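Let's take a walk through this model, helix by helix and then out to a loop. Keep the viewer open as you read.

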Amino acid sequence: ELGIGAYTLSGDNYPWRIPVQNDAERMRIFRMGGVEGMLAQGVYNPENAAILKELQLADLDSEPKKREEYPWLAAYQSAGREALSGYLGTELEQNYAKLESVLAQFKAGQEKIWLRRLGNEDTDLWYDEKDFSQISVLVLEWTHGISGKFAGVDVPILLSSTPAETREYRLARGRNANADTAFITMVIELEQAKLEARAQSAKIIVSKSCELLTYDQYKQQMAAGR
């Protein structure tokens with residue numbers, strides 16, 4: 001509205017893997033970590049392994065309610081959750097260096113920059129050359145924008161959203177076929193915890209109703225939204 005050229009850059013183009021591959025890697029890490037946890041807790045045996053296999057085939061191994069039927073599953077889910085947390089939002093999942101390079105080129109005044117594009121198929125990886133000659137403001141839209149794992153963000157902004165709101169948004173946009181599963185719910189919870197841990201570094205926090213929040217108000221909102 002002020003006539004200032006702006007461009008919104010989606011950070012979703014900068015993970016190492018396309019969505020379906022990244023979902024598979026997340027699941028692999030969770031399950032491998034879970035089995036290691038069962039071994040460490042002394043609850044791994046052929047009988048439990050066979051039951052676990054059936055739960056995995058039905059995509060129920062991350063379902064919390066299943067712990068009531070199989071108490072040993074608590075060790076599996078706890079260890080798997082910890083292993084998954086060590087992957088989500090890290091340099092193992094996201095190509096922060098590549099994104100930081102784009103921000104550096106923009107700040108250096110480079111007029112044309114090759115931007116990475118990432119689709120849903122193995123062959124959906126390409127680059128578009130964007131003309132930034134009339135762009136003065138670059139808006140990075142990304143869950144990991146306040147992760148602190150890369151340089152170049154001058155005004156970190158947190159768009160506040162509770163896990164329940166995030167889940168409803170995922171379901172509404174239909175991004176993933178498994179959006180309404182216990183596993184994805186766990187992923188959202190872990191990512192939310194990482195966001196909340198970094199929230200204090202945001203210079204601006206905005207609620208879903210477009211109100212500016214203080215850090216304390218944000219914490220209260222998150223606590224109420226659980």
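**Two crossing helices**

Start with helix α1 (residues 19-41) and helix α7 (residues 182-198): their axes come within 12 Å and cross at roughly 90°. Axes here are lines fitted to C-alpha atoms, for helices over the stretch in contact, with angles running from 0 to 180 degrees between N-to-C directions. Helices (H or I, at least four residues) and strands (E, at least two) are DSSP runs, numbered from the N terminus. So α1 and α7 count as roughly perpendicular to each other, the label for 65 to 115 degrees. On the α1 side, the contact (heavy atoms within 4.5 Å) is made by Asp23, Arg26, Met27 and Phe30, and on the α7 side by Phe183, Met186, Val187 and Glu191.

Before going on, a word on the ground rules. This is a predicted model, with local features needing pLDDT of at least 70 and side-chain atom pairs counting only at pLDDT 80 or more, while totals for chains, interfaces and linings use all residues. Residues are numbered from 1 along each chain as its sequence is written, and side-chain values use heavy atoms, leaving out hydrogens and water.

Now stay with α1 on its own. Buried residues (under 20% relative accessible area; exposed is over 50%, partly exposed in between, with a 1.4 Å probe and protein chains only) in α1 include Asn22, Glu25, Ile29 and Gly33. The buried residues of α1 pack against α2, α4 and α7. Just after the helix, Gly42 takes a positive phi of about 70°.

What about the nonpolar cores? Each is a set of buried Ala, Val, Leu, Ile, Met, Phe, Trp, Tyr and Cys residues joined through side-chain atoms within 4.5 Å. The largest has 19 residues, of which Leu73, Leu84 and Phe183 touch the most other members. Two or more residues each come from α1, α2 (46-57), α4 (73-85) and α7, and α7 gives the largest share, 6 residues. Setting aside neighbours within four places in sequence, Leu73 is in contact with Leu52, Leu55, Asp61, Glu63, Lys66 and Arg67. A second, separate core of 15 residues includes Tyr7, Phe106, Leu115 and Phe132.

Finally, head for the loop between β6 (204-206) and β7 (212-213), where Cys210 sits. Cys210 is exposed, with a relative accessible area of 67%.

How values were computed:
Parallel < 35°, antiparallel > 145°, perpendicular 65-115°, else oblique.
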